[in-house]
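Hi,

Here is the structure I said I would pass on.

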Protein chains: 2
Amino acid sequence: GSKLRSKVSTFGKKVWKIGADSPRKVIHGAKVGAALTLVSLFYYLRPLYNGFGSSAMWAVMTVVVVFEYTVGGCLYKGINRAIATLSAGGLAVGIDWVASKSGESWEPVILSASVFLLASAATFSRFLPTVKARFDYGVTIFILTFSLVAVSGYRVEELINLAVQRIATIAIGIAIALSICILVYPVWSGQELHLLVSRNMEKLADSLEGCVEDYFMKSEITDAKESSATRSEGYKCVLNSKASEDSQANLARWEPAHGRFGFRHPWKQYLKVAAALRNCAYCVEALHGCINSEAKAPECMKKHLRDACMKLSSDSSKVLKELSSSIKLMKRSKSIDALVGEMKNAVHELQNAFASLPNHLTQTTASSPIESTEGKKNSNISIADGVALMEAMPLMTIASLLIEISARIQGVV
Amino acid sequence: GSKLRSKVSTFGKKVWKIGADSPRKVIHGAKVGAALTLVSLFYYLRPLYNGFGSSAMWAVMTVVVVFEYTVGGCLYKGINRAIATLSAGGLAVGIDWVASKSGESWEPVILSASVFLLASAATFSRFLPTVKARFDYGVTIFILTFSLVAVSGYRVEELINLAVQRIATIAIGIAIALSICILVYPVWSGQELHLLVSRNMEKLADSLEGCVEDYFMKSEITDAKESSATRSEGYKCVLNSKASEDSQANLARWEPAHGRFGFRHPWKQYLKVAAALRNCAYCVEALHGCINSEAKAPECMKKHLRDACMKLSSDSSKVLKELSSSIKLMKRSKSIDALVGEMKNAVHELQNAFASLPNHLTQTTASSPIESTEGKKNSNISIADGVALMEAMPLMTIASLLIEISARIQGVV
């Protein structure tokens, strides 16, 4: 009894938390409810349907199936559904007509053969990458409509009558779903993608800085570790966001111009930026791994390289943050060139610090009793800084790439 | 004219290539066609339906919507559809009954309110992670069925009659879809996942070995670069396979026992192995990045560390390959312990090589005219090897993790 109750209450708290964290999801639920109520009232109040109104059914079904969280998703499904229904219906009526002309005994053969062939071909076409990305839903509806019309209809005249009625119903369903989706608190895929990319960039900047800071400060302050640990884990979001970015970019393509985004906004550029970011995140992940490894570098070496490393990481993260805000505001940042220059300086400083390290290192090696451990330590410290250096290279490539891209975005908007 | 024709012919070639590469996809297309033909013949040959047979429609629709590429997907959708239809239908009939008892004027209010509330709640529930992963499709069908039944039905007795007929139709549709999906060349999600993980492991092993070999051999043989470049890119598949692994594991859970997989096969273990592999792949990516960076290490250092590095990378990749084949065969490998031991030895050898490097390095530094470049080179070589060492650490963790897991898999199968 009490066990169940506590389970239910934790579940309730979880649900409440999701709702409180993102009120848009609750609003989405209410939007779907409103659309469905509207469409059912529409058919409930005018008793158009005969018996178990197949028309009303199609409107309800369309609303349920087409209504998606984002405007892009809704448009994608609506447009796909409309095109697929029209083309499949037309084709099926045509084949029905041919079949009806060819005599009683051939009719079932022609109909079944056409259903088999078209369904097979359409299903196979879903494996083509372009079709998969843009028309997956449309193909399903095509198969469905075609088989329904081809199988259910005997007489062509009756079919055409019904088709007109059904198309009108589906159009009403799509119109209701789209208008509620677009007019009431719309969620734009494009904007989601935009925010996701700039947020990821910020997270990456934070985690890069936090990670290096963590490493060099750990010996001094250990209390603040907890908070900065969560901060430096931010790059993990960047690693795992590929799938959602791809789908958002796919859906964003269907959206009309809205807000500061034009109709042919270069959504693919976002994917490129995101891929570059992910590349960066791999490096941060590697850096993170070797910073958290057990082997420790000697304090004196750490001190020697600390300032240069910290400067490089903070400069890099400044560049990323500036880029993130320039993406957010969609204009070319003026200070970005200066920041990139500063980052390059920091790279040189770090290289100089390395250049003076061998002297340092020789001293330590001489004074160290066990050579083997020293060798390990040496390798470890040069890993940490080496990775920082190596990481600066993709960072620099990315920086120039991003400048290019932000210029392009600015050119388009 | 000729431009269009060449476009069509390249498209045709692309389609042909997909078909030839994976005949299972073509077979899947034929399976869907066969199922649809079967279900339509079923209804075509017995003129059960009245006029525009709404029953036949439901069977066709069920087949189209439920039929998926893998058995897991098909079962997931079929079971979801069945449960959702039954529960939503029952609930809707109940609410209809209550509404019909409460008088003419209250009936539409109760019905619309219940549609609004249930649709909103169900839509919102799709955002809960558990529901999303396992019952997403079921929730859609629940909303659909509930609104259809609640809106379309006036009299409860009629409704129950219709419900029985419709449930029978949907059951026939699901039965046809499932039996063709399972009996004719089935594609099991579980097996796909199994193959994917072991193939990824092999690819990672290849690319780790290929990458290091590439680096140390490049100066000697440059002709073979092309072929090994594609080989060492294999880790990229590992990086991007998270989404498909997750969905396969999700679907595999619905599948009954088949082949060498039991009913409660530990699919989550595969995800853990895959996550560990991805961790490894991040390191390989970082290694790859710094090997392909412009800065070159001096030849003498390369030579000094070559043997140890090559040995470590080949040992590591041997461990991965052994694990991959032990996963493939689903039994604990006998030689894995020996191989892991060898890998550990290789790590020690590399550490020793590092330990003797400082002497080496001091000599070179002394003889080098420009200290700054030397410092850079120094950092570069210790990156390459440092990363190899650092990489060995997650490799070792992973190795022990994998031994654990392969033992568990063996325990279950």
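This is a predicted model: local features need pLDDT of at least 70, side-chain atom pairs count only at pLDDT 80 or more; totals for chains, interfaces and linings use all residues.

Below is what I found, starting with the overall picture and then going into a few local spots.

Chain A is built from helices, 16 in total, with zero strands. It has 413 residues, and 54% of them count as buried. If you take the contacts in chain A with a separation of 6 or more, 83% of them link residues 24 or more positions apart.

The helix pair I looked into is helix 4 (residues 71-101) and helix 5 (residues 106-125) of chain A. Their axes come within 8 Å and cross at roughly 150°. Anything over 145 degrees counts as roughly antiparallel, and that is therefore how helix 4 and helix 5 of chain A run relative to each other. The crossing of helix 4 of chain A with helix 5 of chain A is right-handed.

As for who touches whom, helix 4 of chain A brings L91(A), I95(A), D96(A), A99(A) and S100(A), while helix 5 of chain A answers with E107(A), I110(A), L111(A), S114(A) and L118(A). By type, the residues of this contact are six nonpolar, two polar and two charged. If you want to see the spacing on screen, remember that an α-helix has 3.6 residues a turn, so residues three or four places apart point the same way.

Most residues other than glycine have a negative phi. Y185(A), however, has a positive one, near 40°, and Y185(B) also has a positive phi, of about 40°. Where do you find Y185(A)? It is in the loop between helix 7 (156-183) and helix 8 (189-217) of chain A. Y185(B) lies in the loop between helix 7 (156-183) and helix 8 (189-217) of chain B. With a relative accessibility of 58%, Y185(A) counts as exposed, and Y185(B) is exposed as well, at 60%.

Cheers

Note on methods: Residues are numbered from 1 along each chain as its sequence is written. Chains are lettered from A and ligands numbered from 1 in the order in which they are written. Side-chain values use heavy atoms; hydrogens and water are left out. Axes are lines fitted to C-alpha atoms, for helices over the stretch in contact, and angles run from 0 to 180 degrees between N-to-C directions. Helices (H or I, at least four residues) and strands (E, at least two) are DSSP runs, numbered from the N terminus. Angles under 35 degrees count as roughly parallel, over 145 as roughly antiparallel, 65 to 115 as roughly perpendicular and the rest as oblique. A crossing is left-handed if the near helix is turned anticlockwise from the far one by less than a right angle, and right-handed if clockwise. Contact means heavy atoms within 4.5 Å. Ala, Val, Leu, Ile, Met, Phe, Trp, Tyr, Cys and Pro count as nonpolar, Asp, Glu, Lys and Arg as charged, and the others, Gly among them, as polar. Buried means under 20% relative accessible area, exposed over 50%, partly exposed in between (1.4 Å probe, protein chains only).
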